[in-house]
Every structure is written in C-alpha cells, then in structure tokens.
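Work through the exercises below with the model open. Try each task before you read its solution.

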Amino acid sequence: MTPKDLQDADIAAARAGLRLRGALHPDSEDGAPEGTGTLLLLGPDEPHFWPLFTAAPEYLDDAPDPLDRWSKRVLSAVAEDWGGTAIFPSDGPPYAPFLSWALGTGRAWSSPVGMLVHDAAGLFISYRGAIALPVRLPLTPTGTQPCGTCPRPCETACPVGALGPGQTYDVARCKAHMLTPEGMTCRTEGCLVRRACPVSDGFSRRAAQSAFHMRAFLGADAP
C-alpha cells in the first residue's frame with residue numbers, strides 16, 4: 001500500500017530495518033524514473049539494522065556483496081508493496097545521482113571534510129537505495145545543517161591527514177594507515193573522522209557494522 005505521507009513511509013521502512021533519510025519532488029532533470037512524483041531515500045535503521053542483516057541469508061551464505069544483495073531484496077519488496085520502483089547506488093553504469101538527490105532533500109549537506117553530513121546520521125549517513133513513487137507526497141520541513149555551530153572536530157580527526165578540509169581524500173594513505181597497528185581502531189571501530197562528528201556520536205552505529213564496512217573498503221588487503 002502506498003504510504004499516505006512521509007511519516008507513514010518511515011514507520012513502514014523501519015519494519016524492514018530501514019529509515020527514511022530524505023525525500024524530494026524530482027524534476028525532469030534529476031535523473032529519477034519518468035513519472036516519479038516523490039523520491040524517497042532510505043538508509044539503515046541504526047542500531048536495529050545490524051542484527052537483522054547479520055541474521056539474513058545474504059550475510060550468512062559467504063557469497064560476495066552481501067549488503068548490496070540484502071538491500072536489493074528488502075528494498076525491492078518494500079517498493080513493490082508501495083507501488084513504486086526501487087533504485088540502487090550499485091546499479092550502473094550509468095549510476096543514479098544519489099549525491100545530488102541527497103543534497104536535494106534538504107537533510108544532507110557537504111561537510112567541512114567533503115563527505116556528506118546528515119541532520120540525523122551525521123557523517124555516518126548511507127543510503128541503501130531509493131524508492132520512486134508515482135504519487136506526490138507532501139514534504140516535511142527540511143533539516144538544519146549541523147556544521148554551522150559545530151567546533152568541527154572532523155577537520156583534525158584523521159591521524160595521517162588523509163581526509164581534511166580543502167583537500168582531496170587520499171585513499172592510498174588512508175588504507176596504508178589502516179593496515180598498521182596504529183590504524184587498528186579505524187579498522188575495527190570505524191573511521192575516526194566519521195566518529196568525531198557530534199551528530200554521528202549520537203547515531204548509535206555498532207562497531208561491528210563499521211568494521212564490516214572497513215573490511216569491504218580494504219578489499220583483498222583486509223587482514
């Protein structure tokens with residue numbers, strides 16, 4: 001059944017381990033499927049998502065890309081129930097413009113260190129997918145950019161300067177640090193820059209989930 005409003009969509013998404021992290025009315029140039037009235041962006045429901053995912057067949061079968069496969073199964077079922085179309089960041093090329101969609105929701109912004117920051121998830125924001133609905137749901141007021149009054153600890157949190165204001169993310173330096181004993185905390189508990197964000201600190205992402213993402217980030221180099 002199509003949600004009657006964004007709160008209804010958020011409640012329904014939570015039953016699947018997800019939460020509504022933003023919505024927008026796309027125009028013809030936004031890259032949404034033709035006929036889209038409302039585009040809903042969904043991310044994990046922290047901290048409840050992790051136990052659901054680790055009990056799922058995609059996590060337990062030892063096949064590649066478990067989170068992408070879980071996302072496709074779960075979001076596709078939600079989209080079908082809502083009469084919409086599921087869209088995933090991993091589909092492509094061409095890839096859906098999730099970054100511009102996120103910025104268009106009024107709940108995510110470019111942070112001082114370049115990555116997205118979200119009004120509820122901070123630097124831990126992630127989108128498992130989007131659902132394009134043919135109906136035009138009323139949008140709620142946008143959020144408040146959290147960096148304006150923040151002391152911005154993210155700017156100096158990276159111990160090797162791989163990520164900071166006014167610079168390109170040095171992926172090679174980041175990975176090299178994570179493979180050292182000094183980088184153990186980044187590898188097992190999550191990126192220090194993301195964790196430094198005061199909004200992220202209250203988001204309750206589990207360390208095991210961050211470690212999972214870091215192993216995927218390191219790929220074949222992961223210990």
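This is a predicted model: local features need pLDDT of at least 70, side-chain atom pairs count only at pLDDT 80 or more; totals for chains, interfaces and linings use all residues.

Residues are numbered from 1 along each chain as its sequence is written, and side-chain values use heavy atoms, without hydrogens and water.

**Exercise 1. Describe helix α4 and list its buried residues.**

Solution. Start with the term: helices (H or I, at least four residues) and strands (E, at least two) are DSSP runs, numbered from the N terminus. Helix α4 covers residues 66-82, 17 residues in total. From first C-alpha to last, α4 reaches 24 Å, close to the expected 24 Å. That expected span is 1.5 Å times one less than the number of residues.

Next, burial. Buried means under 20% relative accessible area, exposed over 50%, and partly exposed in between (1.4 Å probe, protein chains only). The buried residues of α4 are Pro66, Leu67, Trp70, Ser71, Val74, Leu75, Val78, Ala79 and Trp82. Just after α4, Gly83 takes a positive phi of about 75 degrees.

**Exercise 2. Which residues of the largest nonpolar core touch the most other members?**

Solution. A nonpolar core is a set of buried Ala, Val, Leu, Ile, Met, Phe, Trp, Tyr and Cys residues joined through side-chain atoms within 4.5 Å. The largest has 26 residues; Leu18, Leu40, Phe53, Trp70, Trp82 and Ile131 touch the most other members. Helix α4 gives the largest share of this core, seven residues. A second, separate core has 19 residues, including Met115 and Cys154.

**Exercise 3. Trace the salt bridge between Arg73 and Glu58.**

Solution. A salt bridge is a side-chain nitrogen of Lys or Arg within 4 Å of a carboxyl oxygen of Asp or Glu. In Arg73 and Glu58, the closest N and O atoms are 2.5 Å apart. Arg73 lies in α4 and Glu58 in α3, so the pair ties together parts 15 residues apart in sequence. Glu58 is buried, at 7% relative accessibility. Arg73 is partly exposed, at 42%.

**Exercise 4. How many salt bridges does this rule count?**

Solution. The count is eleven. Among them, Arg69 meets Asp61 at 2.9 Å, N to O. Arg69 is partly exposed at 28%, and Asp61 is partly exposed at 40%. Asp119 and Arg107 also meet, at 3.1 Å. Finally, a network of salt bridges links Asp10, Arg19 and Asp45.
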